[in-house]
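I opened a new structure today and kept notes as I went. The entries are in the order of my look-ups.

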Amino acid sequence: MKISKVRKIGILTAGGDCPGLNCVIRVIVKAAISQYGIEVIGFRDGYDGLVKNEYIALRSRDVSGIINLGGTILGTSNIANPYRYPVTQGKKLILEDRSKDAIANYKENSLDCLIAIGGDGTLSIASKLIKDGLNIVGCPKTIDNDLSGTDITFGFESAVVTATDAIDKLHSTAQSHHRVMIIEVMGRYAGWIALYSGIAGGGDIILIPEIPYDMKKIAKKLEERHKVGKRFSIIVIAEGAKPKGGKLTVAKIVEASTDQVRLGGVGSMLANAVETMTGLETRATILGHLQRGGAPTPFDRNLATRYGYEALKMAVGGKFGCMAALERGRVTSVPISKAIGKLKTVPLNHPFIETARAIGTSFGN
Ligand code: F6P
């Protein structure tokens, strides 16, 4: 058994779920107990559990057989921010500062460190709690892959596999019916999922938030394909894509959430525009939360496991205020401040874009 001053840690999974969260929980619990004799508790539903002091003790047997499970055995919430905690009074939603409760519960449980597994929102809250005196280390997750400070987040590859599988399925029906098929994928303000699945799925047009599209260019590309006898086309569009000079398509506003905007619907709008401009029969599919579900890919299981172990070592080593990260294939730690505030979007000189253009893929510009 290795020596550790850290005797008890808490973990929580917050924000939108993604495949791989259980792999992180599993490695932290197993390694904490077997390597260091550390006690681990898991807060329920992200920061909600910290505010309400709802947790479960995690033993090795509690995390057995979960490596292949999607979601999180701890539950999560993307609205339970201790600093803007949502409370409904009648029909009114009030946001209260419950950070004192969160801090008191951390202390009451005699925690030496909290491991917060999440994306930008979760880590921004962690950073405030750190300023308020808690010892926290972070572990980066999100299907969107939009977190700065790390080359990749776990969950992303699993989402890309789901999206690519969906594009493959749309291909065959597009071919049979000689249609334009549009698939809208998630990713918020970044086009990573659309770019990676669009190329892997052989999309003819890929539309990402980083490259505002021009409807005329899209119509021209579709008509050109039609003229040379290619009687179907596949368009992969990120939910955050927008026309040149246009706006994001917002599906709803979630008042209590840190980022209140929920995107969605740009694919259907595009389908109408394509039909009107080209006369080509067009259908749109919104892939939605399927991208967040299901078993993590082997790559994500391994990445999440490596991140989880790194986070534990950071906790034991007193590297508070840092998160696990991937830098050129190596797992390392970076300050949480490097990850928050600025989203990692697709750079316009990304080599994937150049490669796709070389084979005639249009980015709608
Ligand atoms: O951040 C992950 C994500 O799935 C985004 O891709 C998407 O825009 C958003 O969360 C959806 O949020 P919700 O689960 O609240 O609908």
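Entry 1. I am working with a predicted model, where local features need pLDDT of at least 70 and side-chain atom pairs count only at pLDDT 80 or more, while totals for chains, interfaces and linings use all residues. I number residues from 1 along each chain as its sequence is written, and side-chain values use heavy atoms, with hydrogens and water left out.

Entry 2. I looked up the domains, whose bounds come from an automatic or database domain assignment. Domain 1 is 8-154 + 296-339 and domain 2 is 162-292. Their centres, taken over C-alpha atoms, lie 33 Å apart. In the contact (heavy atoms within 4.5 Å), I found 15 residues from domain 1 and 15 residues from domain 2.

Entry 3. I then checked the salt bridges, each a side-chain nitrogen of Lys or Arg within 4 Å of a carboxyl oxygen of Asp or Glu. There are two between domain 1 and domain 2. I also noted that Asp-17 forms a salt bridge with Arg-292, with 2.8 Å between the closest N and O atoms.

Entry 4. Which loop holds Gly-293? I found Gly-293 between strand S13 (282-286) and helix H9 (298-316); helices (H or I, at least four residues) and strands (E, at least two) are DSSP runs, numbered from the N terminus. The C-alpha atoms of Gly-293 and Ser-158 are 8.7 Å apart, although 135 residues separate the two along the chain.
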